[in-house]
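Dear colleague,

Please find the structure below, handed over for your study. My notes on it follow.

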Amino acid sequence: MTTRPSSSPYRTGSPPTENTLPTENALSPESALPPENALPTENALPEEGLPAERVLADLAGLCAEDHDYRDGTVFNSICSTPLPIAERVFAAHQQANLGDNRIFPSLPRAEAEVTAMLAALLDGPGAAGVATSGGTEANLLAVLAAVRRHRRRFGDGAPARVLLGDSAHFSFDKIAALLPVEVVRVPSDQRLRVDTGRLLPLITPDTALVVATAGSSESGAVDDVPAIAAHASALGVPVHVDAATGGFLVPFARELGEPLPPIGLSVPGVTSVTLDPHKYGGAPIPSGHVLFRDPEDLAALRTASHYRGTFDHHALLGTRPGGALLATWAALRAQGRSGYRAAVAGLWERRELLVRLLTDAGFEVAPRPELTVVTVRHPSPEKLVDALERRGLIASVARRLGLLRLVVHWHQSEQQLRCLVAVLAEVNGGGP
């Protein structure tokens with residue numbers, strides 16, 4: 001329950017430049033969508049297996065219109081190509097099942113070590129944690145832990161009210177449909193962060209959870225976590241930080257002197273944090289994690305195993321991709337703090353280049369980006385995105401905000417960002 005106050009023309013590995021602008025192709029965004037209820041012509045399981053060469057050829061045809069993060073056409077994604085070492089580890093351990101510790105005893109050890117590394121990143125030594133499939137599962141587990149904590153305090157019949165900004169991720173819409181919670185969304189301020197002036201008065205001692213966002217996926221906005229946590233903790237209310245986007249950005253940006261608030265377990269009152277190593281952590285999909293300050297909150301998620309010798313479960317999934325966890329472990333150790341710090345410094349340089357290029361081309365960047373999402377105010381952002389997609393370039397529209405949304409990531413070069421803005425200016429007809 002919720003209440004409110006195309007294909008790329010660059011497949012040879014040569015990135016586009018400002019002097020080789022993509023031209024329109026026949027595939028429009030609308031034609032790329034299958035007709036409703038359409039079924040493939042050969043959708044039945046074949047009676048006899050097909051030769052591997054045929055299967056691979058059919059697969060190549062199936063994926064022919066897919067983009068590659070590295071080909072200079074993807075400007076809408078917070079995910080990217082994993083680090084090379086993570087790709088190698090993931091490929092080598094695809095059969096690993098985190099749900100069966102007897103067959104794969106390395107995986108619980110790896111999960112504990114990844115939890116410790118992520119807890120150190122967010123200044124929470126001793127925190128408990130569990131690997132997830134991504135931010136949606138991590139957020140669901142954090143809300144479920146809060147609901148169970150709330151029931152212990154107020155009884156099973158007490159309504160579990162969850163407060164969050166209207167810029168919070170749409171995973172909370174799914175969570176509201178799955179769990180017995182009442183979600184109250186609070187409007188954003190002019191910088192697209194949750195308006196603390198409206199949020200704080202709504203927090204009462206019987207509130208089940210307050211959610212702060214550290215890097216909105218729509219705009220990159222970072223909520224004022226310290227102010228929210230200080231007010232909530234004074235009332236005994238837990239605070240969850242959804243840092244799926246910002247978890248690998250904010251700590252290192254702060255080390256580089258960026259004026260961002262702390263978002264981790266060093267902030268008094270923050271009880272849990274979501275991170276997504278498959279975003280800016282260099283891990284493959286699916287790689288998420290949730291940290292809990294109090295191990296009792298993780299223990300509240302326990303589901304007993306039916307099998308002797310198999311560990312109890314604390315995540316939503318039963319069979320879990322151990323290869324992704326091992327790849328995350330490898331990425332964290334291979335990068336280290338200095339590697340991530342350097343990557344964030346490079347992202348900030350490219351973000352500033354993109355802002356400057358857009359401004360020089362006559363576009364209005366608004367509001368000023370805090371992380372890697374750059375939003376542009378335009379009377380018809382949908383037309384811009386559709387025109388880009390006909391050129392083989394993928395951007396997006398933040399529909400609730402009515403803004404053109406561009407994401408800076410490490411798979412992009414300066415040359416590719418210059419190409420993007422040159423194409424934007426061309427399809428825009430010389431000015432907004």
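With which side chain does the side chain of D276 make a polar contact? The partner is the side chain of K279, at 2.3 Å; a polar contact is a pair of N or O atoms within 3.5 Å, where within protein one must be able to donate a hydrogen and the other to accept it, and residues adjacent in sequence count only if both atoms are side-chain atoms.

This is a predicted model, in which local features need pLDDT of at least 70 and side-chain atom pairs count only at pLDDT 80 or more, while totals for chains, interfaces and linings use all residues. Residues are numbered from 1 along each chain as its sequence is written, and side-chain values use heavy atoms, with hydrogens and water left out.

D276 is found in the loop between strand 7 (270-275) and helix 9 (277-280); helices (H or I, at least four residues) and strands (E, at least two) are DSSP runs, numbered from the N terminus. D276 counts as buried, at 1% relative accessibility (buried means under 20% relative accessible area, exposed over 50%, partly exposed in between, with a 1.4 Å probe and protein chains only). Leaving aside neighbours within four places in sequence, the residues in contact with D276 include F248 (contact means heavy atoms within 4.5 Å).

F248 is itself buried, with a relative accessible area of 2%. Ring pairs link F248, F252 and Y340 into a cluster; rings of Phe, Tyr and Trp (its six-membered ring) pair if their centres lie within 6.5 Å, and planes under 30 degrees apart count as stacked, over 60 as edge-to-face and the rest as tilted. Both F252 and Y340 are buried.

Yours sincerely
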